[in-house]
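Thanks for coming. I will walk through one model, starting with the whole chain and then moving to a sheet, a helix and the ligand.

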Amino acid sequence: MRVGIGFWGLGMIGKTHIEALRLMQVMFQELPEVSAEVLCTRTAEDYKKRLFGKVVHDSREMLNDERVSLVDIPSPNYAHFEQAKAAIEHKKHVYLEKPLAVKLEEAGELVKLAEHAGVVNRTAFIYRFVPAVAAMRELVKSGCIGEVIHFHMRFYHYSYLDPKRPSSWRQQSALSGGGSMLDLGIHFTDIINWMFGETDEVSAVQRTVIKERYQDASRTEKISNDTEEWCASIIRMKNGAAGTLESSRVSTHIDSGTTIEIFGTKGSLKFDAGHAEVLEHFNFQTKRIETISEFEDIGKYSSFLARMVPPARHDCGFFLNAHIASLKSVIEAASGKDTNPEAATFREAYKAQRLTSMIMCSAAEGRNVKASEFPMIQEEGRK
Ligand SMILES: NC(=O)c1ccc[n+]([C@@H]2O[C@H](COP(=O)([O-])OP(=O)(O)OC[C@H]3O[C@@H](n4cnc5c(N)ncnc54)[C@H](O)[C@@H]3O)[C@@H](O)[C@H]2O)c1
């Protein structure tokens, strides 16, 4: 089935999505028939007209266009809920950037609406599409490092360490829903749920370093920043494992700043986004460090990913590679050929936002937070 995509906005990550679409059309011969049918945007510069079949300002024009079967939403967080809801109401499949919504309750409503409507619903949790991260999960599940004792994950940026950088929607919690944890850390709350199952309890601390920023590029007025810029949490899982997750927009990192380490009774595994093409394995029996670079045969999901990410000769770096694989998987699902056994559905995205909300609540209120305080949503079936 042909997939016509309607893009709702074209900011930083929207450009990555369209880049991903164009590149996959060059790289993969076996791709469902797909087109960038419509862009809904506030400004229609000429370059946008070159990239999309049609550029519109009124979203109804996109939503009522029968050639559009999938709506891609890479807009700021505050727009996600209303846009995804409208797309679902028009029976469109939806690919939504993370987080699902500013508020957890709205995220839960989107899960119910999408499942009830029976449309394909996916979120851009791209770390599920990094072969080394997927292999890590397969190796943990197969017992390669024994019983998991603890994990250590961190997601450091220094994008807002410069006090002269003006504020954006990201520094206003009413528009973003939260700071570094909801923006960056949420990628890894998804990975934590995905790798280790259910959470029992969390405890977290946070800090805002630059409490006021210039309102805009004119650098005249300042406004307050009511979001955290660094957050550290300890997460206890129901299976007995525990670990730490840190997110930051103000940490000057010497390595890539984005790392996952898992420590077990038989060894440990380390992923560093700066060397995303490999995974390091410390084997406690041999006391040797093995570098794993072939992932295809590690498990069912790794075999699936091997045909989703660009082949080595077309390597675009792990970030774009993962966006290509994630969008390709959504396009396949929208075309009626869903083969992804581990799709980041809205339900999965809700779980990630739920754990992120627990961490944010713990940091804000200075207390341990139990998972039972945050509702799960009833199963209605997956699409
Ligand atoms: N998955 C990832 O790897 C990843 C990476 C970065 C950002 N993101 C997510 O992508 C989203 C956008 O982030 P960004 O960094 O591109 O932000 P951005 O501020 O660079 O871009 C947002 C764009 O949306 C436009 N916009 C504003 N209001 C809109 C509305 N109501 N409707 C449509 N468009 C609107 C803006 O003009 C801007 O062009 C966020 O939800 C963010 O969390 C995901």
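I call a residue buried if 20 or more other C-beta atoms lie within 10 Å of its own, exposed if 12 or fewer, and partly exposed in between, with C-beta atoms placed from the backbone. By that rule, 47% of the 383 residues of the protein chain count as buried.

Two notes on the source. This is a predicted model, where local features need pLDDT of at least 70, side-chain atom pairs count only at pLDDT 80 or more, and totals for chains, interfaces and linings use all residues. Residues are numbered from 1 along each chain as its sequence is written.

The whole chain, then. The C-alpha atoms fill a box of roughly 60 × 50 × 40 Å along the principal axes. The radius of gyration is taken over C-alpha atoms, and the globule rule is 2.2 Å times the number of residues to the power 0.38. For 383 residues a compact globule would come out near 21 Å, and the protein chain has 21 Å, which agrees. Contact means C-beta atoms, placed from the backbone, within 7 Å. Among contacts between residues at least 6 apart in sequence, 69% join residues at least 24 apart.

The protein chain has eleven helices and 17 strands. These are DSSP runs numbered from the N terminus: H or I with at least four residues for helices, E with at least two for strands.

Next, the sheet. Two strands pair if DSSP finds at least two bridges between them. What is the strand order in the open sheet of nine strands? The order is 16-15-14-13-7-12-11-8-17, with mixed pairing. Strand 16 (288-292) and strand 17 (369-370) are at the edges with a single partner strand each, so one side of each has no neighbour in the sheet. None of the five residues of strand 16 is buried, so this strand lies largely in the open.

Strand 15 (residues 279-283) pairs with strand 16 in the antiparallel sense over five bridges, and Asn283 has Arg288 as its bridge partner. The two strands form a hairpin with four residues between them, and Lys287 in the turn has a positive phi of about 60°.

Strand 7 (residues 148-156) and strand 12 (residues 242-248) pair in the parallel sense over seven bridges, with His150 opposite Ala242. Strand 11 pairs with strand 12 in the antiparallel sense, over seven bridges, and Ala232 stands opposite Glu246. Four residues separate strand 11 and strand 12 in their hairpin, where Gly240 in the turn has a positive phi of about 100°.

Now helix 4. Just after helix 4, Lys91 takes a positive phi of about 60°.

Last, the ligand. A residue is near a molecule if its C-beta atom, placed from the backbone, lies within 6 Å of it. Which residues are closest to the ligand? Of the 17 residues that surround the ligand, the closest are Gly9, Gly11, Met12, Ile13 and Glu97. Helix 1 (12-27) and helix 4 are the elements that give two or more residues to this shell, and helix 1 gives the most, with three.

How values were computed
Two residues are in contact if their C-beta atoms, placed from the backbone, lie within 7 Å.
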